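Subject: Structure handover: cavities and a surface patch

Hello,

Here is the structure for your files.

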Amino acid sequence: MTLFVTVSLSYMVTLVGNTTVILLFHLDPHLHTPMYFFLTNLSILDLCFTTSCIPQMLVHLGGPDKTISYLGCAVQLYIFLGLGAAECVLLLVMAFDRYVAVCRPLHYTVIMQPHVCHKLAFLVWASGILGTLVQSPTTMKLPFCHHHRVDDFVCEVPALIRLACGDTHSNELQISVIGSVFLMVPLLLILISYGHITRTVLAIQSHEGRRKAFQTCSSHLVVVFLFYCTVTAVYIQPRSHFSQKGGKFLTLFYTVVTPTLNPLIYTLRNKDMKGALKRLFGKDRTSNVQ
């Protein structure tokens, strides 16, 4: 019951926080920039990501029924895996946006034009669809045993591989390859981009300029750290001892905690978002007075 209450509260904060980010982007013209366009996509992803698994999780935590149908598990796996893959690519796109903003500021508006941003957003969602269509069908074709249980909070690939009775070597190899493509490659490119960003920021003579540049990128770095560290530990070696014993708690972290913290990190540490909130409530107060 303690876990049920904790997850319920986190889910409510996720819904309110990410919905607020989306509304602020659409209502405030000051936020109509590439950075906040991608942040809005991250909020949409987090809303869909959590909604694909947390309601079912709350049903299992709050009552005696702990079962899920084969079809329900398959649907959850397809959506969950696709949105997770899309978020990996989106965090890379957001890192590229920060690289251009800091390292090539004079060319920022030329490079990050609206049509380029929309193409990058399409790439993010298409990558998620591709990732789940490659991995999910082969996972659901595994020979499952009726007497085994899914030792996890959601139907995800590592838990289902551990559930299978037959040979899973090819599935483990496939998830390692997919994990490398969607986790390790984007993470490596993100680290390279932030290496260039760090070098550029340290070359700035003004202390205020360095502080502003670091503040712009620090929120994204925190989100990258929270997401990649937990997901990589679970997916790179799905049958490892660590993945089996601690994987479900890491799953709980990146399905519940990270989507809850993302909007808080970006709003509490971001001057533009706080300004948009003040302007929104200021308009509301003005209209009420009139």
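There are two cavities of 30 Å³ or more in this structure, which is a predicted model. The largest cavity holds about 220 Å³ of space. It is lined by 18 residues, and those closest to its centre are L81, G84, A85, V231 and Y235.

Four helices each supply at least two residues of that lining: α4 (70-103), α6 (114-140), α8 (169-202) and α9 (207-235). Sorted by class, the lining of the largest cavity consists of 14 nonpolar and four polar residues, with no charged residues.

Now the surface. A nonpolar patch of about 560 Å² is formed there by L71, V75, Y78, I79, I129 and L133. Two helices that line the largest cavity, α4 and α6, also each supply at least two residues of the nonpolar patch. The biggest share of the patch comes from α4, which gives four residues.

I129 is in helix α6. Is I129 buried or exposed? I129 counts as exposed because its relative accessibility is 52%, and the cut-off for exposed is over 50%.

Regards

Definitions and conventions. Residues numbered from 1 in each chain as written. Predicted model: local features only at pLDDT ≥ 70, side-chain atom pairs only at ≥ 80, totals over all residues. Heavy atoms only, no water. 1 Å grid on protein atoms, 1.4 Å probe; cavity = no way out; pocket = protein on both sides within 12 Å on 5 of 7 lines; lining within 4 Å. Points joined across faces, edges and corners; volume = space filled by probe spheres on them. Nonpolar A, V, L, I, M, F, W, Y, C, P; charged D, E, K, R; others polar. Patch = residues over 30% accessible without salt bridge, like charges linked within 9 Å, V, L, I, M, F, W, Y side chains within 5 Å. Areas by Shrake-Rupley, 256 points an atom, 1.4 Å probe, with all protein chains shown as cover. Salt bridge = Lys/Arg side-chain N within 4 Å of Asp/Glu carboxyl O. Buried < 20%, exposed > 50% of the residue type's maximum accessible area, 1.4 Å probe, protein only.
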